[in-house]
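Colleague: Could you walk me through this one? I'd like to hear what the labels rest on.

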Amino acid sequence: MISVEEARARILEHFAALEPVETPLLEAAGQVLAADVRGGFDIPPLPNTSMDGYAVRADDTAGATPASPLRLRVTGYLPAGSVYDGSVGPGEAVRIMTGAPIPDGADAIVPFEETDEEEQTARWEDGPRDDVRIDVEAKLGANIRPAGEDVRAGELVLPAGTILGPAQIGVLASLGLGTVQAIRRPRVAILSTGDELLRPGEPLRPGAIYDSNGFSLASMAREMGAEPRVLDIAGDTVEALTARVHEGLADADLLVTSAGVSRGDFDVVKEVLAREGSVGFWTVRMRPGKPLAFGTFQAGGEASDGEARRVVPHLGLPGNPVSAMMTFELFGRPAVFTMLGKPQAWERERVRAVSAERIARPDDRRFYARAIVERRDGRYHAKLTGPQGSGVLTSMALANGIVVVPEDGGPVEPGDECDVMLIGRVPDAEA
C-alpha cells in the first residue's frame, strides 16, 4: 500500500494550470486572473463629494457655529452624473449630491446635517432655495474625494494570479471591463458504473439502487469551481463502458469514474480502463477509500499535422459512496485546484478538537472519521456523526469535519485532542 501523500504526489504530477480564456465578468468569480490589470484612467476621474451637502469655499464658512450661523447664497444644484456649468464664487454655495464632481471654485463640502436642509418642508424640486444656513465651519477639503483616490491611471490594480472574489470583480467593473482573462474552469466528466444503478427519478426495481455518486461527486466538483458533466450510467459490459469512457473524454480535462477498482469488482471495468488508457490500480493506506485507480487516456482520433493527441487524466474512485467522496476530496480536489491555477488553495483548514468519544482505527490504515464539530468554551469539540461504514452516506451529510486518526498512532480517547479537517461551517455553541 502507498500513503495518501504519495498517491497525491503521483497524481499531481499530471496536472498544471489550464489556459486562460476571455471570461465574462460575472462568470469569473472564483477564477484566477491570468494577466495583470492596470488602471486605464483615474478612479474617481474627478474630485467628487463623499456626502450630500453644499459645495462651498471653506473661507466663507469661517466662524460658523450653531449659535452663530452664516448664510450663503445658493446658485445651483448638481446631481451625481453631471458636471456643474459655472463656478462657486465668494459667498455662494451649490447644492450637491454624493458622487458629483466638485464645482470649480469650491474646496469643501458642508453636509446637509450641518445646515438647515433637514428643516425644510418643501422639496428642492418643487421650490429651489435662495440661500442656506451654515451651522459649522468647514475645513479645507472636507468631504471631498480626490481624483485617483482609488485607482491611478497606469498603476497595477490586480496582478496575475489574483483569485477573483466579489471585491475584485467590483474593481474590474469599476475599470469598465466587461470581460477578463482568467484561467478557465476545468471540465470534469463523471461516470458511474454498474448494472444495478438507476438515475434518481426512475422507478426503483428489486436489486437496484440509485446512483448517488454521480451527483455527490458532480456537486463537489462544482463547489471546487469546476464544470462537472454527469455521464449516463455505464453497464457492466465492455461495449457500454468503452462507449461511456470515450464520451467522457470528448471534452473533459479530468475523467472521474466510480466503482470497478477493487479486487472484487468486475474484471470488465479494469479491462476497459487498462485497454483504453494507461491506468494503474493502487491500494492507499486510508479508510474509507483503500482502492484507487489513476492513469491517463488519449482523447480523440488521430492528431493532425503531427500534433500530440490530448491527454486526459483519469481518477478511478471506489464505488462505496463515502469512499468515493473521501477519495475525491483528498485526490480530486488538489487536481481541480491545480488546474484552476491555485495549487496552494485546496488544503482545508485544520484544527485541534476535543473528542467526545473513543475513535479507533479499525486496521493499520489512516482513518478519516466523519464528525460534527462545534466551538464551545473557547475550544473546538468533535463527536462522530454515528455509524462510520463506507456505505453510510448520511455520515458525510451530517459532518462538518473529518477527524484524521494517523496510521502510526493509537486510538483517540474521550477528552483527547484530535486533528480535524474542516469541511463545513463550525457553529459557536456560545452564541
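Colleague: What covers the buried residues of α1?

Modeller: Bear in mind that this is a predicted model. The cover includes the strands β17 (277-283), β18 (286-287), β19 (291-299), β20 (310-317) and β22 (366-376), along with the helix α6.

Colleague: And which residues of α1 are buried?

Modeller: In α1 (residues 4-12) those are Val4, Ala7, Arg8 and Ile11. Buried stands for under 20% relative accessible area.

Colleague: What puts them on the same side of α1?

Modeller: The arc does: they span only 95° around the axis, so they sit on the same side of the helix.

Colleague: What is phenylalanine 331 in contact with, leaving aside its neighbours within four places in sequence?

Modeller: Val4, Ala7, Arg8 and Ile11, plus Val284, Met286, Leu292 and Leu315. Contact here takes heavy atoms within 4.5 Å, so each of these residues meets that cut-off with Phe331.

Colleague: Which residues lie nearest the centre of the second largest pocket?

Modeller: Met220, Glu223, Met325, Glu329 and Arg348, out of 14 lining residues. The elements giving two or more are α3 (213-224) and α6 (321-339), and α3 gives the most, with 5. The pocket's volume is about 250 Å³.

Key:
Residues numbered from 1 in each chain as written. Predicted model: local features only at pLDDT ≥ 70, side-chain atom pairs only at ≥ 80, totals over all residues. Heavy atoms only, no water. 1 Å grid on protein atoms, 1.4 Å probe; cavity = no way out; pocket = protein on both sides within 12 Å on 5 of 7 lines; lining within 4 Å. Points joined across faces, edges and corners; volume = space filled by probe spheres on them. Helix = DSSP H or I, 4+ residues; strand = E, 2+ residues; numbered from the N terminus. Buried < 20%, exposed > 50% of the residue type's maximum accessible area, 1.4 Å probe, protein only. Arc of directions from axis to C-beta.
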